[in-house]
Amino acid sequence: MSGAAAVKHVEVIEEKSRPTAWQLLMNNTLAAIGFYVICAVVVIAVIAPLLPIPNPDATSLAERFLPFGSEGHLLGTDHLGRDVLARLIWGTQISLLVGVSASIIAAFFGSAIGLVSGYAGGRTDNLMMRGIDMLMAFPYILLALAIVAVLGPGLMNALYAISVVNIPFFARNIRGITIGLAHREFVDAARLSGKSHLSIILTEILPNVMPVIVITMSTTVGWMILETAGLSFLGLGAQPPQADLGSMLGEARTQMFTHPFVAVAPGLMVFIIVMSINLLGDGVRDALDPRLRAGALSRPRAVTRIERRNTPTSQPAGEAALSVVELETSFEGTKGPEPAVKGVSFSLNKGECLGLIGESGSGKSVTALSLLGLVASPPGIVTGGRVDIDGDDILSMPETQITSYRGGKVAYVFQDPLTTLHPLFSIGDQVAEAIRVHQPVSQKEARAKAVELFKAVRLPDPEERASAFPHELSGGQRQRVGIAMALANDPEIIIADEPTTALDVTVQAEILRLLQVLREERGLALLFITHDFGVVAQICDKVAVMRYGEIVEAGATEEVLRNPQHDYTKRLIACVPKPGQGRAFLEGVRALLDREARGGA
Amino acid sequence: MFGSLTRIIGPDMLAYILRRLIAAIPVLIGLSIIVFLIMALIPGDPATAILGAFATPENVARINQQLGLDKPLWDQYFIWVTNMLQGDFGRSYILNRPVLDEILERFSATLILAGTSLVVCSILGLLAGIVSAVRQFTWVDRVVTFFVLIGISMPSFFLGLLMIIVFAVQWRLLPPSGMFAVYGGGDLPDLIRHLILPAATLSVVATGVIARLTRAAMLEVLRQDYVRTARAKGLDERTVIYKHAFKAALVSVVPVIGIQAGFVLGGAVYIETVFQWPGIGAMLVKAISTRDILLVQGGVLVVAAAYVFFNLIADVAQALLDPRLKT
């Protein structure tokens, strides 16, 4: 986690020349295709009067249903002998015009409502949004139908109907952003400088919500073109002789069985327009607001990618339960892999507790997760080193075998139990599941064992709590569940990744005491990851200090505490306040930080 | 898993359902006000609008009296709602039958069509979304993404026509229109044969939307800490994906399925017209052309109420999945 954050930080610094939104858009192949196609369609529609095409309304009964590619009628003629190509081009013009107008009207009124509602807040906001909710409670097209029913069929009425139906989308999106802006400092400043509300909305807020308006427009305009065409298709939009793509399709429907092409041409045109607008709209959204990008995340694999460049063969003999040699883990960046763990070695004997200490970003969590391939991958890759558990090289095993170690011989306890326990399963089920992965017992037996484990970690009312969900427990109780889950299959090694960091101090002390007792009772080896030397002093036999992905100092805890060699270690130790030290503590820390700053400069 | 069964029917769930039902009441009232106001905005004399241009003075007087059209707007609304609650939606003078009878008959046909589509699009959309998330960046993912893109850009009325041209006219596999064969039809296999094309067409867009969202939700969830915990327990990848990740992703997909119910009910307007399915959508289009105002009013209200109900079901399903939502 912390390692990934560090890598991201590096990227931000290196990518000073960020591409503009336009470059991002054009780099997106699909969006670029959409852009060029819709441009071509728009250009043809705009220059329609200049094109050498026949009058789209000129009927000629002698020339009915001329086939595709006829002399003078490239796409043939329809049931009244009218030129299909000419009608297609003029129809496209009308459809585009109506769709874009509807979108502008909806954007205007929707944004106005959203801005006022979000800026005013309170009762005005409440009232306006209830109204918008009501409009959204109708199935989309149905409301448009009701409006057309009142206004009567016709292209303009269809335009109004589609606009009204789309107002809620704009109103809601714009309101959401405006609420966030309405109490920002620059708005307060404008208010204090005596600007009127209207001028604040127009000059301070509107420029900031403009991207959202553009995104909403680009993602809804295709839809609006489609729906106005739909109303025309039903005979409720454009009325003859006026024809948009929808009404062309509707008219051609009656001859569909004999002359399908006349119907296919306008339908295909609507499809091409909507598809290219959708491609472009998705591209605009991704370029302007990368956070909204759907599916941009890549799926993490079951086991971290392992591509070792160096595989140390030597490994310390003896009864080390866990030995790590020259472990190297990197994250894929824009410029190749960025190492987060750079050749870390340590070993952990049976029944021993090793503290791995360092500040966030030092690579300690990544080290812990690398041991059983739990680093999210992509972007993580184990690029080198060796991890031996009871003398077996883990990183050379097939994935299923690595998986079988997880929660069996080696168990993890993670930092924040609210996010690390599954929110939708009861804690009893979650622990029982961990048992059943490794032990051939029935659901009922597993559940009974889970309750036993809850007793062992001193969870109050274990029988009853077993069917509780994580959100129903306190932070300390949740961490007890996390520990119970780790104990489920009598592991030899527990890897605890900042298990107490998210807890308050008294709960932290209880959890540490619990871990200590369990370790002694069960002879566990404990790898304890933390940033707090106070905790290390309390429970660890050995300590390894990590910084920038490397171990800078290691040894017996007392030795390191008494006589720290590395400056960084001294600083970490100085961060632990001692009772009675008073202000001197801060002075000491400040002196160390100053020295660090001078050394760094 | 079975431990949670007792919770499903537990008192807190019942209380939740009751709360949602009560919360639906103001929405329904709001809907009825909007429908009423829209119809009250019709220009000209409402009685003439309802009865048509050739109405006799006696009928106009009767309508005025019946609907309280001489009274203030608020009283009119009240009379209208009271009548509806008693099952009196007025009378269609064009069809010459009570509006409610017509609506109920039509609505059952729409429910068959829309319900089938909703089931189809949920199943296909979820499957496609999961597969393309799990096999991200493989050809399967590309094929799904491509079809989703086509599906959500394709005008359903055009797709319907293509379906008819290909499957009914060219290949003669399925009937092009109607709900039952005119001669010798009327049984379930006959209904299914007539249902396939319109239901398939109607579910395309919703399938695309659900697939897209499921893919995004799965990818999001697979990055969560609790999925890492599931892996750290030693679970195999199938359990991680289909139990842990899918259940969490489903929580955000279910409300979207509820919203799709609205698109399916609305989209039925086109599909019923294209396939001449005797549902409420086709009825509304016809009623708008013939300016049969009471029929439009009743039809819109019933479909909107059905949508509220579908969303309610989606809310309850979501709360069943996610215990955090019950409180």
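Start by selecting chain B. Among its contacts with a separation of 6 or more, 72% are between residues 24 or more positions apart. Keep in mind as you look around that this is a predicted model.

**Stop 1: the rest of chain B.** Chain B has 327 residues, and 54% of them are buried.

**Stop 2: where the chains meet.** Now show chain A as well. How many residues of chain B are in contact with chain A? The count is 77, and they touch 79 residues of chain A. Between them the two chains bury about 7,200 Å², with 72% of that on carbon and sulfur atoms. Pick out B:Arg223, B:Arg228 and B:Lys233: in chain B these lose the most area to chain A, together 10% of what that side buries.

Next, look for charges that pair up. There are four salt bridges between chain B and chain A. To see a salt bridge, select A:Arg299 and B:Glu237, whose side chains meet with 3.1 Å from N to O.

Stop 3: In soluble globular proteins, nonpolar side chains tend to be buried together. Here the largest nonpolar core has 193 residues, and A:Leu145 and A:Ile273 have the most contacts inside it. H11 of chain B turns up again, giving the largest share of this core with 19 residues. Zoom in on A:Leu145. Leaving out residues up to four places away in sequence, A:Leu145 touches A:Leu231 and A:Leu236, plus B:Val269, B:Leu284 and B:Ile288 from the other chain. Another core, of 51 residues, lies apart from this one; to find it, select A:Cys353, A:Ile427, A:Leu459 and A:Val543, which are among its members.

**Stop 4: a glutamine inside.** Go to helix H18 of chain A, residues 475–487, and select A:Gln479. Is A:Gln479 buried or exposed? It counts as buried because its relative accessible area is 1%. Show what surrounds A:Gln479: beyond its neighbours within four places in sequence, its contacts include A:Val413, A:Phe414, A:Pro417 and A:Leu503.

Stop 5: Most residues other than glycine have a negative phi, and most peptide bonds are trans.

- A:Pro241 sits in the loop between helices H9 and H10 of chain A.
- Move on to A:Asp461, which is not a glycine but has a positive phi of about 45°. Its loop runs between helices H16 and H17 of chain A, and with a relative accessible area of 46% A:Asp461 is partly exposed.
- Finish at B:Asn96, in the loop between strands E1 and E2 of chain B. Phi of B:Asn96 is positive too, near 55°. Why does B:Asn96 count as exposed? Because its relative accessible area is 53%, and exposed means over 50%.

Key: Residues numbered from 1 in each chain as written. Chains lettered and ligands numbered in written order. Predicted model: local features only at pLDDT ≥ 70, side-chain atom pairs only at ≥ 80, totals over all residues. Heavy atoms only, no water. Contact = heavy atoms within 4.5 Å. Buried area = accessible area lost by both parts, 1.4 Å probe. Core = buried A, V, L, I, M, F, W, Y, C linked by side-chain atoms within 4.5 Å. Buried < 20%, exposed > 50% of the residue type's maximum accessible area, 1.4 Å probe, protein only. Helix = DSSP H or I, 4+ residues; strand = E, 2+ residues; numbered from the N terminus.
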